[in-house]
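Let's take a friendly walk through this model, strand by strand and core by core. Please keep the sequence and the coordinates open as you read.

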Amino acid sequence: MINIKKFVFSLFAENTYIIWNDQSKECWVIDPGCYEPYEEEELSNFITTNELKVSRLINTHCHLDHIFGCKYVKEKYNPIYMIPEKDLLLLQHADKQAASFGVDLKKPPEPDEFLAENNLLSLDGSPVEILETPGHTPGEVCIYFGEENFCITGDVLFNGGIGRTDLWGGSYSALINSIKTKLLILPPETVIYPGHGPDSTIEYEKKHNSFLQD
């Protein structure tokens with residue numbers, strides 16, 4: 001059985017996710033936003049308490065608030081680190097992102113692999129589909145666990161909202177196209193776990209998200 005745990009980290013109230021398999025204890029850390037030492041400790045305590053084995057560190061995109069904890073997770077657990085290739089410049093210029101918000105940043109590691117729709121990933125046998133969903137950033141992806149009926153949507157689609165498009169590489173038309181062609185076609189009961197705020201479902205967003213009403 002696949003499980004998911006959400007943490008809310010930093011002043012940006014960013015959602016960090018741990019996803020793991022009950023039997024094997026293999027886990028992925030997605031978008032680690034842990035910034036303060038006590039947040040790093042909260043993340044690692046959960047991993048230790050549940051005897052999890054971190055095999056992958058994944059960024060849906062490489063904005064500052066989603067990469068705060070990448071250095072910590074990589075150095076502590078040495079998982080395979082994966083990002084969208086078109087967000088590599090964001091990662092490489094993380095110091096400039098940090099400076100623009102007036103915060104310090106532990107320099108994130110270089111990625112080991114890139115995420116793309118042709119990736120054949122699985123979490124201990126459970127297939128995982130990578131959906132390329134640019135618009136909030138040039139390369140952002142969503143991570144779809146079809147058998148478990150949920151999708152990690154990063155800053156693409158929120159409960160009642162969508163990602164902002166006024167930052168570098170953003171495009172409102174591309175974002176709306178990504179949502180309509182990649183996410184709204186998922187089964188209506190699919191639960192979405194966004195990068196900020198509460199979870200939702202595809203069905204709810206189709207009916208109630210004001211950004212998606214034609």
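Two strands are said to pair if DSSP finds at least two bridges between them. Helices (H or I, at least four residues) and strands (E, at least two) are DSSP runs, numbered from the N terminus. This is a predicted model, in which local features need pLDDT of at least 70 and side-chain atom pairs count only at pLDDT 80 or more, while totals for chains, interfaces and linings use all residues. Residues are numbered from 1 along each chain as its sequence is written, and side-chain values use heavy atoms, with hydrogens and water left out.

**The sheet around β9**

Six strands make up an open sheet in the order β7-β8-β9-β10-β13-β14, and the pairing is mixed. At its edges are β7 (121-123) and β14 (200-201), each of which pairs on one side only.

Within this sheet, β9 has β8 (residues 126-132) as an antiparallel partner, joined to it by four bridges. β10 (residues 150-154) also pairs with β9 in the antiparallel sense, over three bridges. The residues that face each other are these:

| Residue in β9 | Opposite residue |
|---|---|
| C142 | L131 |
| I143 | I130 |

β9 and β10 form a hairpin with four residues between them, and N149 in the turn has a positive phi of about 70 degrees. Helix α6 (residues 172-183) lies across β8, β9 and β10, at about 150 degrees to β8; axes are lines fitted to C-alpha atoms, for helices over the stretch in contact (heavy atoms within 4.5 Å), and angles run from 0 to 180 degrees between N-to-C directions.

Is β9 (residues 141-145) enclosed or open? Five of its five residues are buried, so the strand is largely enclosed by the rest of the structure. Buried here means under 20% relative accessible area, exposed over 50%, and partly exposed in between (1.4 Å probe, protein chains only). V141, I143 and F145 point one way from β9, whereas C142 and Y144 point the other way.

**Two nonpolar cores**

A nonpolar core is a set of buried Ala, Val, Leu, Ile, Met, Phe, Trp, Tyr and Cys residues joined through side-chain atoms within 4.5 Å. The largest has 23 residues, of which I18, V29, L43, I47 and L52 touch the most other members. Among the elements that each supply at least two residues of this core are β1, β2, β3 and α1. Leaving aside residues up to four places away in sequence, I47 touches I18, V29, L52, V54 and Y77. A second, separate core of 18 residues includes I19 as well as V141, I143 and Y193.

**Two positive phi values**

Most residues other than glycine have a negative phi. A13, in the loop between β1 (2-9) and β2 (14-21), has a positive phi of about 50 degrees although it is not a glycine. D31, in the loop between β3 (26-30) and α1 (37-49), has a phi near 55 degrees. A13 counts as partly exposed because its relative accessibility is 37%, while D31 counts as buried at 2%.

**Cysteines**

How many disulfides does the structure hold? It holds zero, a disulfide being a pair of cysteine sulfur atoms within 2.5 Å. C151 is in no disulfide, and its nearest cysteine sulfur, that of C142, is 4.8 Å away. The sulfur of C27 is 13 Å from the closest cysteine sulfur, in C34, which is too far for a bond. C27 is buried, with a relative accessible area of 0%, and C151 counts as buried at 0% relative accessibility.
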